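Here are my notes on the two-chain model you sent over. Please read them with the structure open.

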Amino acid sequence: MKQAGWNAVGIAVFVVIVFPVFWMISTAFKPDDQIVSLNPTWIPLHPTIAHFTAALHKQYFWTDVKNSLLIVCITVAISIVLAFLAAVALARYRFSGRKAFVVLIIGIQMLPQAGLIIPLYVVLAKYHQTNQLSGVIITYMTFVLPFCVWTLRGFLIGIPKELEEAAMVDGSTRLGVFVKILLPLMGPGLVATSVFAFITSWNEYIFARVLINDQRKNTITVWLSYFLGTSRHTDWGALMAASTLTAIPVVVFFLLVQRRIAFGLTAGAVKG
Amino acid sequence: MSAAAEAHSWSRRRRRFLERSTPYWLILPILVAIGVVLGYPLYWLARLSFKQYGLFELIQHRGPSVGFKNFRTVLHDSVFWHTLVRTIVFTVVNVGLTIVLGMLIALLLLRVSGWVRILLTSGLVLVWSMPVVVAVQLWFWMTNYENGVLNHVLSWVGATGEQHDWYATTFSQLSMVTLLVVWGALPFVVITLYAGLAQVPHDLLEAASVDGARPWRAFKDITLPILRPILLILTSLSIIWDFGVFTQPYLLIGQAKTQSGNYLMSTYLFEEGYFKTDFGRGAAISILMLLMVALISVFYVRRMVSIGQETA
């Protein structure tokens, strides 16, 4: 009986927490009359995909998806290479200045993005990088680089050093060890880190909002934030369909890597 | 010493030098990158804060020096101080709610049956994965005064009228932002705390209950001390995040309704520095904000650095 009570509370909490997401999807599939009805229907009767078609055909959707993909892929590709090298240094070597480097990597991740918009905007304007995708990539590196270093370091620490040492004794060179042993073992870690970096850059809003003022160069999050525009009639169904579409790739990726990554921020604390 | 031996020792010295310098070669590329994308802009931030720098100066790429004028203007502006106090209150409320609710749900996870636990954690992960801008649109729709589901539900219960405007007052606006921020932050906190709870030895809690300790006492004397390091980290992270939160207040309240009465630190900085293109004053505000965050980050950074000391 007592167990049943706790379960009931648990289910109630589940319903409250998940409701917004459910409501988004439910609205996205409802015909307009059910959306604005004073008696809301919980599950869409006669579901329609009209809102999704409307969202997909809204101006600049595909252009802005393409922009986001381009920005995110380039950011992640550059960052992961640079970060991997630095992570190897952190996980495998002791050197003077190491602590300062760790402080730098952790410290940067704590900087509030809003505090950086003025300097980034002014410097990028100086080099004609505002309103350019390349400018956005530069700003995204500010948070993707340190994140990748720290997360990859965690994965590298999990790989026993003995494997490499054994290979060295067998006459492999450092580079050989790196290519033949470390890289394959790091595969999953590299994928997980890239995917998570992909998510955080895909979700980014403020830098893109500040730097770009051309609708054809926006990212998808900025596109979504402008969705309602200034029109008096609000197309809630299409907005929710567009929101669902924006969220889908992120949700799928997130579910894939959540277990591997999520504890990076607090890793040491949980281990005690 | 023969020529061969000399050559040998030379090559060994060279190898040792290479070995010792390897970590520096490995971090060099990223240091250069960080210097370009962050170091140089921060250097500019410092310079900007002592300049008169508006749209005209932005185009000219240079502005006249004005000494400490920007800092004086900001520090003598009551809007700054009101914003600071409002942001601190906002942060305390948000962090408090996040941690307390997160703790309660994590404890609840221990009590429920396996299938409810799986259901609840899946729900949390789903919410966790929602992009912030999507979450904002979603809450914007739910709290809409005409057709929003919040008003429907509340009017059924009889709590409010049919078309209550949740964005009419500053307090109400910031309360909506708080709901959104706490909702978004809970999953990470709950799942991390739940992972921590798994470490509390079961027999210790059982022994306590056999000895007649009330659940609250057992929680306070056994569970809480074990969770302390995690709670400290989660709290400091939440403080840092909520103090600098931008997207949620900016988009949920909306550009049109954002004004000095509902500023939080980030929206204040965005409006006064960027939107009004007063980059000099904006730079001064940025520096003050970054310093405050640096101050509250000290604990977290120190903790993580001690973790970062380990190598494999």
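**Notes on the predicted model**

1. Along the principal axes, the C-alpha trace of chain A spans about 75 × 65 × 30 Å.

2. Chain A is helical. It holds 13 helices and 0 strands. Of its 272 residues, 45% count as buried. Take the contacts in chain A with a separation of 6 or more: 76% of them join residues 24 or more positions apart.

3. Chain B also needs a look at its build. It has 13 helices and 0 strands. Its radius of gyration is 27 Å, well over the 20 Å that the globule rule gives for 312 residues, so chain B is more spread out than a compact globule. The C-alpha atoms of chain B fill a box of roughly 95 × 70 × 30 Å along the principal axes.

4. Among contacts in chain B with a separation of 6 or more, 66% are between residues 24 or more positions apart.

5. Now the interface. Chain A puts 87 residues into the contact and chain B puts in 83. Which helix gives the most to the chain A side? That is helix 1 of chain A (residues 2-29), with 15 residues. By type, the chain A side divides into 65 nonpolar, 17 polar and 5 charged residues.

6. Next, the largest nonpolar core. It has 164 residues. Those with the most contacts inside it include Ala83(A), Ile117(A), Leu145(A), Val149(A) and, from chain B, Leu180(B). Helix 8 of chain B (residues 170-197) supplies the largest share of this core, 16 residues.

7. Check Leu145(A) in the viewer. Leaving out residues up to four places away in sequence, Leu145(A) touches Ser79(A), Leu82(A) and Ala83(A), and across in chain B it touches Ile30(B), Ala33(B) and Ile34(B).

8. Finally, helix 10 of chain B (residues 215-243). It has 29 residues, but its end C-alpha atoms are only 34 Å apart. A straight helix would reach 42 Å at 1.5 Å a residue. Where does helix 10 of chain B kink? A kink of about 55° lies at Arg228(B), shortly before the proline Pro229(B). The buried residues of helix 10 of chain B include Leu227(B) and Ile230(B), as well as Trp241(B), Asp242(B) and Phe243(B).

Methods:
Residues are numbered from 1 along each chain as its sequence is written. Chains are lettered from A and ligands numbered from 1 in the order in which they are written. This is a predicted model: local features need pLDDT of at least 70, side-chain atom pairs count only at pLDDT 80 or more; totals for chains, interfaces and linings use all residues. Two residues are in contact if their C-beta atoms, placed from the backbone, lie within 7 Å. Helices (H or I, at least four residues) and strands (E, at least two) are DSSP runs, numbered from the N terminus. Ala, Val, Leu, Ile, Met, Phe, Trp, Tyr, Cys and Pro count as nonpolar, Asp, Glu, Lys and Arg as charged, and the others, Gly among them, as polar. A nonpolar core is a set of buried Ala, Val, Leu, Ile, Met, Phe, Trp, Tyr and Cys residues joined through C-beta atoms within 7 Å. A residue is buried if 20 or more other C-beta atoms lie within 10 Å of its own, exposed if 12 or fewer, and partly exposed in between; C-beta atoms are placed from the backbone. The expected span of a helix is 1.5 Å times one less than its number of residues. The bend at a residue is the angle between axes fitted to the seven residues ending there and the seven starting there. The radius of gyration is taken over C-alpha atoms; the globule rule is 2.2 Å times the number of residues to the power 0.38.
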